[in-house]
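Hi,

Here is the structure I promised to pass on. Have a look at it, and then read on for the aromatic contacts.

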Amino acid sequence: MSRLALEKLQTRFGPAVLETHSEHGDDTAVVDRGVILDVVRFLRDDPDLQFNMLIDLFGVDCLGRHRDHRFEVVYHFYSLGQKKHRVRIKCPLDADDPTIDSIVSIWPGADWYERECWDMFGVRFRGHPNLRRILMYEEFQGHPLRKDYPYNKRQPLIGTPH
Amino acid sequence: MPTLRIDGQTIEVPPGTTILQAAKKLGRKIPYFCYHEKLSTPANCRQCLVEVAKAPKLLPSCYTPVADGMEVFTASEKVRDFQRRNMELLLLNHPVDCPICDQAGECKLQDYYKAYDFKPSRLNVRPVHKPKVIRLGAKVVLDAERCILCTRCIRFFEEVVGIRPLGIFKRGDRSELGLYPGKELPHGYARNVVDVCPVGALTSEDFRFRKRVWFLEKTPSICNGCARGCNIVVEHHEGVVWRYKPRLNEAVNQVWICDDGAYSYHELNEGRLLAPRVRRDGALVEVRWDEALAAAADALRAADGGRPVGIVLSAQATCEANWAFVRLGRETLGDVHFYVAGRTDWEGDGLLKVSDRNPNTLGARLVAGEGVGDAATLLSDIDAGRLRALLLVGGHLPAPAVEAAVGRVENLVVTSTHETPIARRARVALAACAFAEQDGTFVNFQGRVQRIRRGPAPQGRSGPEWKIALRLAQKLGRDFSWTDASALFREMAENVPAFAGLAPESIGDEGVLLKGYTAEPAPAGSV
Amino acid sequence: MEAPSAPARLKLVERRPAREEDPLGAEHMVLQMGPAHPTMHGVVQLTVEIEGETIRSAEVEIGYLHRAFEKMSETVTWNQVLPYTDRMNYISPLLNNVGYVLAVEKLIGIDVPPRCKWIRMLIGEMSRITDHLTCIGAGAMELGGFTPFLYAVKAREYLMRHIEKLCGARLTTSYTRIGGLMADLPDGYGEELLAILENVEKEVVAIDRLLTRNRIFMDRMVGVGTITREFALQYGITGPFLRSTGIDYDVRKDHPYLFYDEVDFDVPVGERGDNYDRYLVRLEEIRQSRRIIEQVLAKMEPGPINVDDWRYILPPKKDVYNSIEGMIGHFKIIMEGIPVPPGEAYGYIEAANGELGYYVVSNGQGKPFRVRARGPCFAIMQGLPKMIVGGMIADIIPTFDSVNMIAGEMDR
């Protein structure tokens, strides 16, 4: 896939790239949230990489997975030129401050994905033009995909079970 | 101290440690059936065999002591192959009955088959049939076909209880577990063999066919059967408690529990007081909490010639609940006499069971402080007409005479988990939830504080006693700021000398001995 | 104690975009399309601001079909997620089944037998045909062409019945399993399928003749809903939508999974990126799928369909009822789920509307830790406002049709 991307990221960002691995052939770089905008721009603009498609963006709640951090925001990029390679970027976020820079300015298509991540996990995207719920309704309390949100919890607008 | 290598990891252990124990320390998993940490080791199941460098054949890790420089392999090709072949033999005569077996879901045969074998059997012989549904006494039922002859149950009775009711009969593949002629399992500690049995051979009549184990939620707690406070796991599903299982605590109950304690969970599901009641026209009627608390406040405030109010703290309730009522009494009712009462004693057995049938007698006394009365002083005070009103926490009284006297008090407010006789005679009966349904602490007779945790949701409209105290105090014109049981515990730590310096977080799984109490050695016998 | 009293009535939130004042005083009108509208397949709400017949701004509101797929997946075993996957896409459910198991198999690292792979390709292509037929037929109907719709549904029905023969259900298929399939193909399945495809082709030809050179149809489709390559890339748009702009990205060709590298097929591309090109791409893909199916049937050989490993595949019923090993195996897989090693993997396939990806995370338990589904429609629907703004209100219909929005996959 794209070992090249991982190597270039490590050279370019040094210690801000916390970890890289290629489990099951999925090349993954774990980066510090502080550099996410630069990383995304670098991936898109570097002539050797040319990641010109944001395939997916979503959150993972790591509660109970024995990680130092609580949330991960995962980005999947794809390069649709000659390379046809993929890379996954992961940003760990802490429970007390799940905030990260929005990449909407670089990828307009990230708009809905970031809204969904906010809706489902309560991750705040700094600089997002319209960060409101997308799948749930505005009055919904909490963030349903968090591990501490009980799957069978009921809320007023949903109604009570018989 | 011998140093050895297990799967490439080096570890130093005291001499006499077995390979299995050393491997456990390293977090290496070795499967075993017959080994039990509180029983002797016969090494007869052969499942725990491991490869040791320079040893001519595989060695039972549960029995082999470590030696300096030993090199152990717990998952080599040879070991894996042997584990698989052993599983095949153990399963050879096993009936195909997981769907109707109570052990299914917590069965070592299933777990190890999945972890170490998971292939079809290569053996094709007629299975040997053995007797089934043999009632051994004391609610224990044997299915000899499921038995893998590990002898854990035999050893439990011999080494822990000190009797020999069980033995292995016949020879070879016809060997089977059974009772010696004329013997049966005595009530007392027999139920422990159900926990000790690694497979579904011994099951409890009390639990059989009633609930599938994978539905059960497990909450660590303390048995409220007697003042020992055995550590248990409350297993419940959808608000109903289905069984208690003992939990390891070397200082209190090791891994055992008495039958009376283990079966006492039935009380949680029967005869509960589910809603607050107020006496109207001679009959108790269910009302809303607001009304009940207002009526209770009225009863306690009933002005009558300056006589004091009596508050009977409960040896059945948590320290937090008792503390809440102590503050309620002191700060809202003025002149208050405190007493501590609980259930009638039963006979201790010198092993785990002690004669005091209340889990928190000591705790209630410590919380009440100096000058607290008991059932006898309560009786004399009532007879002498010294009390204008009585608040009885817990709804239990130790003797019929006391009960009769308390029943005569006109302004009687009772908080009770059950519809006890005294709760039926009260002017106001407030529904408290059972110990398994709330957080809190008990202090056992040794002076050990142990935590109980909320498992199932409170039944009906009942609530924890401290919350009742909180809301009753509001009706009496005093707002306390308690948010949960932990907040109350912190308050106790500041105000009750015995609890000084403790915090709810500092009470681990094993509990903490209060200052001034020394750890008693494990009780007589070997239980 | 008593439950807290009911909360005060929740405040309704004003969501309308601010209205832009026209200098001449002509008022813009805000029009709601959906969530229940005759031409909206699936529940979605379009709020459009129009000036006369021209759309000035548009906003898409999704989430009406959110059924907590990702949350529910965390509460069931790995195999029990499968029924949820086919309910996510009610037009080509088999493709979703395949996509999910491929992701989990990637995480476990198991390789299924060749026959299983061929069958997965076969059912995938059948589903692709039904999907495209639905899209083309419904699109034509909403432009007034009812006859092509009937032809398309008739052809789709041939295939649906054949799918029903395969697994007993038309839409709720749940046909794949992690490590294999529910069952092998019925006897004579391939021959019957070839005959069916012959009939499908007849209907497709009829549709082709009715629509492709139809003046009215072309007027509504050509040059409408045009997108550029840059736009498609920016929004992560894949599938026929992307290919209509001339980019030949197809997961089957560029990252072959199963045996797609062993069959011969073409990836049709458009030029203009408009509705008409998307129609042509879909029409051609139906024919290419038939080509693939014919090759699959020729290359497929009898053999096992499941991996030979009891840890993943339920033991045969004969063993379950007659041996304790089979019984325990069955019990453990059903009650605890198959053992999936800790880790994460992203599996992706070319579904009918674009790249369908599943990101699965395991913590070593029998239940998924996280399942993320990346449906192709989510990205396309996000770009929809940009495609319709500036156009006429009537053009929403063909453009929206060509998205072939699957609300189940988008809202999950």
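Predicted model: local features only at pLDDT ≥ 70, side-chain atom pairs only at ≥ 80, totals over all residues.

Residues are numbered from 1 along each chain as written, chains are lettered from A and ligands numbered from 1 in written order, and side-chain values use heavy atoms, without hydrogens and water.

Over all chains, the search finds 34 aromatic pairs. Rings of Phe, Tyr and Trp (its six-membered ring) pair if their centres lie within 6.5 Å; planes under 30 degrees apart are stacked, over 60 edge-to-face, and the rest tilted.

One edge-to-face pair is F169(B) with Y180(B), at 5.4 Å between centres and 75 degrees between planes. F169(B) belongs to strand β8 and Y180(B) to the loop between β9 and α5, so the pair ties together parts eleven residues apart in sequence. (Strands are DSSP runs of E, at least two residues; helices are runs of H or I, at least four; both are numbered from the N terminus.) F169(B) is partly exposed at 27% relative accessible area, and Y180(B) is also partly exposed, at 27%. Buried means under 20%, exposed over 50%, and partly exposed in between (1.4 Å probe, protein chains only).

In chain C, the ring centres of F217(C) and Y279(C) are 5.0 Å apart with planes at 70 degrees, so this pair is edge-to-face. It links helix α7 to helix α11, 62 residues apart, and both F217(C) and Y279(C) are buried.

Happy viewing!
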